Amino acid sequence: MTAYNEAFFGGMQNFFIEIYDTEGKEIALQRMAGALGRGLSKAYDTLGFETGSIDDFACVVGIRDETVGLSVEFRKENDCLHYIFHTDPFPNLKKYVTAKEIDATYIPFKIKYLLGDGWKYKTIKHLWNGDSCTEHVIEMKL
């Protein structure tokens, strides 16, 4: 496991806070989502994946998360994928936004880019709420 990449995540958090301070929360969230989407798409494309495959989602996201020092795990359960974070990627943003808002800057992108439009997620645990991990359940839309 690679150590948490303080330079990368610290830079992203500073980027967010600067925009938050100068342009407001909504613009900061939009720009953060855009920056993360650009970086993640390039990383995922180099790894290769089949759109719609939860196995490929877990593999590609797991490899990328490990390279930036995030401890994550995946658990398949029926037609759902549990995406579990043991590392908080953005701990310094807790006083600026809610857990739901910060997660929305990258989780929907990952799902749409790798799985397609027919998927959704819900968060059942979150480190910011004092839980032992952050757990997103990804499933097909009905």
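Tutor: Let's start with Glu77, which is partly exposed at a relative accessible area of 39% (buried means under 20%, exposed over 50%, partly exposed in between, with a 1.4 Å probe and protein chains only). Its side chain meets that of Arg75 in a salt bridge, 3.9 Å from N to O; the term means a side-chain nitrogen of Lys or Arg within 4 Å of a carboxyl oxygen of Asp or Glu. Arg75 is partly exposed too, at 35%.

A quick word on the source: this is a predicted model, where local features need pLDDT of at least 70 and side-chain atom pairs count only at pLDDT 80 or more, while totals for chains, interfaces and linings use all residues. Residues are numbered from 1 along each chain as its sequence is written, and side-chain values use heavy atoms, leaving out hydrogens and water.

Now for another pair: Glu135 and Lys125 form a salt bridge at 3.8 Å, N to O. That one links distant parts of the chain, with Glu135 in strand β4 (residues 134–140) and Lys125 in strand β3 (residues 119–125), 10 residues apart. Strands here are DSSP runs of E, at least two residues long, numbered from the N terminus. Glu135 is buried at 4% relative accessibility, whereas Lys125 is partly exposed at 34%. Salt bridges with shared partners join Arg75, Glu77, Lys125 and Glu135 into one network.

Back at Arg75, its bridge partner in β2 is His82.

Definitions and conventions
Pairing = 2+ DSSP bridges. Helix = DSSP H or I, 4+ residues; strand = E, 2+ residues; numbered from the N terminus.
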